[in-house]
Every structure is written in structure tokens, then in C-alpha cells.
Amino acid sequence: MDVKQVGIIGAGQMGNGIAHVMALAGFHVVLNDISQQSLDNALSLIQKNLSRQASRGKITEAEVADAMGRISTTLVLADLGKTDLVIEAATERESVKQAIFEDLLPHLQPHTILTSNTSSISITRLASRTDRPERFMGFHFMNPVPVMQLVELIRGIATDEETFKTCQAVVAKLGKTSASAEDFPAFIVNRILMPMINEAVYTLYEGVGSVRSIDESMKLGANHPMGPLELADFIGLDTCLAIMNVLHDGLADTKYRPCPLLTKYVEAGWLGRKTQRGFYDYRGDEPVPTR
């Protein structure tokens, strides 16, 4: 199927990044959110990020203007019904995602492919609540979307080959690489990454090292570009905890038990960069460890 119009649900960190790369690649984008402020902020950020790319010579000013011209916004979910491909990028809560798909279904064209940018939730289970499980799959971008080159494509048990090939072609048109993952909790990237982050939190919790020593050890000792606690703050500690809970519940293995300190930070509302405090305090000129 030839995808021309893409609907994106959620104008947050992931949604605006997906809109950015889709519009730049030539797709017409309809970006939806429940908040006009979020939509306005997303457009402003996309313009800023595209202009940054232009200033570095990666794209032209004409391409910036063309990409922005391909993005429309709406508060009405039904407006996404005219699109060929829908990418849901809402909060990482299954009940929220299910409610969104339920509201959207009556407005969709028969050929529209539904996808979710979920980082951990069962694609098969999400698909089963729709009228098109064969045209439903996981479309998991990495953050920040304009920079990261990988997209995980996750087939549910009912996903057909045409849907997979269509999504694979969309990823190729974006200039990114797709990795095919089976529908098991957290897929590939987060199945490996989140337990490492969780173990770093345990290392802090047990007093083996400080925030700074843990991050410096992994950056300089394992050649990681970002320390695990710094990365957790970037991702969002609530997202990290949600994925660890999916792993723990879905695989029933104690090695995936979320660290109590991670839970405590989330309970405190210290979710990382987006709340200005997590394992680091970002309210000053330089990030300062909170432990």
C-alpha cells in the first residue's frame, strides 16, 4: 500500500519528533492532541529543530518550509480517519491507548493501518481490541526521533505480511533502519536497555557508587555515550518504571523487579529532565546529582 497521509496521536516528545521526520520525508501529517497548547508547542519545536538542521547544512530552507507546510494539527481525533497510517504516541498506559483506538475506529478508512509507538506493551493485546488486528503493528521510534536511526517494527500474532512490508517501506523512506522484533514484553531495545538502567539504580540504592561515579564508570569504562542514570532522566523515570513493570509482570522473573529507589523517585514526581529533577537536578546552570 502506498502511504501518503500519516496521522499521529500525541504531540509530546515522541509525537512531535515523529511528525518532524514524517513531514521531512514527504508525508502529509495530521498531528492530534487533546491540548491546543501541546500542539502549538510541538509546531514551534519542529520548526526550531528543522531550522537547526538547515543551519548545519543537513537540509535546505526550502525543505524546512515544505516540511512545515505538510503538517496540520487537530484536537478532533476523528480527523485522523482520512489518513493511510496512524501512529499512536500517547502516554505509555494500556488503558489510555485502548480508549484512543476505540474512539478512532468508527472514523477509519478500511485500508488504514493502525500502529502504536509503545515501548513495551503487547501489540497482540492492543490489536485484539480493534476491528483490524491484521492491519495493526508496533512502530517503535527511538528518542530523539530525528537523530536516532532505528525503528523497531513489532508484529502481533495476527499482523499480515502486507502491513509489515508497508511499514517497512515507510521506515526506509524516512532514511532509517527497521529491526523486526517479536511481540514479547519490551521487544528488543528495552528488553536489554531497561534492566541495565534498573541495575544501575540498584547499584546506587545499595551504595556501591554515587550517581556521578556510576555514570562516569559506564561512559569511560564501557564507552557509553551517556551514563545509565543520565539516560534514565532523559527517557523519563516514569517510563522506565512502566517498562520494568511490564517486563516483571509479563515474564514473571524476579530479575526484572523494579528497584525500590526508582519507584520512590517516581512517587516523588522526580521524573528526570521533564520535571527538572530526577537522578540529577536540572534547575541550575549545570545538572547536579541528587544523591
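Student: What radius of gyration would a compact globule with 291 residues have, and what does the chain have?
Tutor: Please note that this is a predicted model. A compact globule with 291 residues would have a radius of gyration near 19 Å, and the chain agrees with this because its own value is 19 Å.

Student: What does the C-alpha trace span along its principal axes?
Tutor: The C-alpha trace spans about 55 × 45 × 30 Å.

Student: And how many helices and strands are there?
Tutor: The chain has 11 helices and 10 strands.

Student: How much of the chain counts as buried?
Tutor: Of the 291 residues, 47% count as buried. The accessible surface comes to about 13400 Å², and carbon and sulfur atoms account for 52% of that.

Student: Among contacts between residues at least 6 apart in sequence, what share joins residues at least 24 apart?
Tutor: That share is 65% in this chain.

Student: Changing topic, where is E88 found?
Tutor: E88 is found in strand β4, which covers residues 85-88.

Student: Is E88 buried or exposed?
Tutor: E88 is buried, because its relative accessibility is 0%, and buried means under 20%.

Student: Which residues does E88 touch, then?
Tutor: Leaving aside residues up to four places away in sequence, E88 touches I9, K97, F101, T115, S116 and N117. With S116, the side chain of E88 forms a side-chain to side-chain polar contact of 2.5 Å.

Student: Lastly, how far apart are the mean positions of the positive and negative charges?
Tutor: The chain has 28 positive and 34 negative charges, and their mean positions are 3 Å apart.

Methods
Residues numbered from 1 in each chain as written. Predicted model: local features only at pLDDT ≥ 70, side-chain atom pairs only at ≥ 80, totals over all residues. Heavy atoms only, no water. Helix = DSSP H or I, 4+ residues; strand = E, 2+ residues; numbered from the N terminus. Rg over C-alpha atoms; globule rule 2.2 N^0.38 Å. Buried < 20%, exposed > 50% of the residue type's maximum accessible area, 1.4 Å probe, protein only. Contact = heavy atoms within 4.5 Å. Areas by Shrake-Rupley, 256 points an atom, 1.4 Å probe, with all protein chains shown as cover. Lys, Arg positive; Asp, Glu negative; His and termini not counted. Charge placed at Lys NZ, Arg CZ, Asp CG, Glu CD. Polar contact = N/O pair within 3.5 Å; in protein donor to acceptor, adjacent residues only side chain to side chain.
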